[in-house]
Amino acid sequence: MGQVVLLSGGMDSAVCLALAIRKYGKENIIALAFSYGQKHSREIQNAQNVANYFDVKIVVANIDAQIFQGSSSTLLQGNGPIEHRSYGEIIKESGEGTVDTYVPFRNGLMLSQAAALAYSQELAEVSYGAHSDDAAGSAYPDCSPLFFESMAKAISAGTGGKVTLVAPLIRNNKAGVVKMGTKLGVPFELTRSCYETDSVSCGQCGTCRDRIEAFKKNGLKDPIEYAIKIEWDKD
């Protein structure tokens, strides 16, 4: 028994890793990070730092950037700038549908590789950190309950029932993730959510805004540094 955890270096996957360790013990966990041509490749170091903190094995795999050739996703190297607005503002203006940082079927590609790794290592589960805020308005459809349920069936069928997909945060919002991670002692100071390339988080892209708001809703101050001043005691 054991689990492969998709570990991006962000808060959500770090919480998933802590949950997996609590369930199976660190010796039965493999963290899996990906390089796929993302602008914020610094997140791979964050993933390694989180894995080291928890003393679990980490594998860094590649998804050939050519897979996304032709994609206009602003999360990918060589494409346009990332919007500095909240997802709520983007959806309100443009309507429901994928946001400009959506990378085509990224989670599907990653989960397929994670399932292969889990099967090869005789681990029973694959875990990823999809949550309800990312699925809202179909901003990231590969974080939705429908995608999760469909992918879970595919992974089970494709591994002869030997690997199960789990998404322990899928009914939680970002604030709920912070609350859970705080109780589990997750080292949020080692994580990164920002989509920009700078070493210090911008505080203005959609993921930064969601993260900041999640900490505020819990009455907490985010332990990471931001490029802008954050009034933690104000909404």
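## Strands E4 and E5

Strand E4 (residues 125-127) pairs with E5 in the parallel sense, over 3 bridges. Two strands are said to pair if DSSP finds at least two bridges between them. Within this pair, valine 126 has leucine 165 of E5 standing opposite. The names used here come from DSSP runs, numbered from the N terminus: helices are H or I runs of at least four residues, and strands are E runs of at least two.

A word on the model: it is predicted, so local features need pLDDT of at least 70 and side-chain atom pairs count only at pLDDT 80 or more, while totals for chains, interfaces and linings use all residues. Residues are numbered from 1 along each chain as its sequence is written, and side-chain values use heavy atoms, with hydrogens and water left out.

## The whole sheet

E4 and E5 belong to an open sheet of 5 strands, with parallel pairing and the order E3-E2-E1-E4-E5. Strand E3 (57-62) and strand E5 (164-166) are at the edges; each has a single partner strand, so one side of each is left without a neighbour in the sheet. From one strand to the next, the twist averages 25°.

E1 and E2 also pair in the parallel sense, over 4 bridges, and here valine 4 stands opposite isoleucine 30 in E2. Look along E1 and you will find Gln3 and Val5 pointing one way, Val4 and Leu6 the other way, and all of them buried. Buried means under 20% relative accessible area, exposed means over 50%, and partly exposed is in between (1.4 Å probe, protein chains only).

## Helix H1 and its neighbours

Helix H1 (residues 11-24) packs on the sheet, where it touches strand E1 (3-6), strand E2 (29-35) and E4, and its direction makes about 170° with that of E1. Touching, or contact, means heavy atoms within 4.5 Å. Axes are lines fitted to C-alpha atoms, for helices over the stretch in contact, and angles between N-to-C directions run from 0 to 180 degrees.

H1 packs with helix H2 (residues 43-54) at an angle of about 25°, their axes 11 Å apart. That makes the two helices, H1 and H2, roughly parallel. Angles under 35 degrees count as roughly parallel, over 145 as roughly antiparallel, 65 to 115 as roughly perpendicular, and the rest as oblique. In this contact, Ala14, Leu17, Ala18 and Ile21 in H1 meet Val50, Ala51 and Phe54 in H2. The residues of the contact of H1 with H2 divide into 7 nonpolar, no polar and no charged. Here Ala, Val, Leu, Ile, Met, Phe, Trp, Tyr, Cys and Pro count as nonpolar, Asp, Glu, Lys and Arg as charged, and the others, Gly among them, as polar.

H1 also packs with helix H7 (residues 174-184), at an angle of about 45° and with axes 10 Å apart. H1 and H7 are therefore oblique to each other. From H1, the contact uses Met11, Asp12, Val15, Ala18, Leu19 and Arg22, and from H7 it uses Lys174, Val177, Val178, Met180, Gly181 and Leu184. This contact of H1 with H7 divides into 8 nonpolar, 1 polar and 3 charged residues.

Asparagine 107 has its place in helix H4 (residues 106-120) and is buried, with a relative accessible area of 7%. Leaving aside neighbours within four places in sequence, asparagine 107 is in contact with Tyr128, Asp142, Cys143 and Phe147.

Serine 156 is found in helix H6 and counts as partly exposed, at 31% relative accessibility. Not counting residues up to four places away in sequence, serine 156 touches Gly161 and Val163.

## Residues in the loops

Serine 138 lies in the loop between helix H5 (132-135) and helix H6 (145-158), and is partly exposed with a relative accessible area of 37%. Serine 138 and threonine 98 are 40 residues apart in sequence, yet 5.8 Å apart in space, C-alpha to C-alpha.

Most residues other than glycine have a negative phi. Aspartate 55, in the loop between H2 and E3, has a positive phi near 60°. Glutamate 122, in the loop between H4 and E4, has a positive phi of about 55° although it is not a glycine. At 70% relative accessibility, glutamate 122 counts as exposed.
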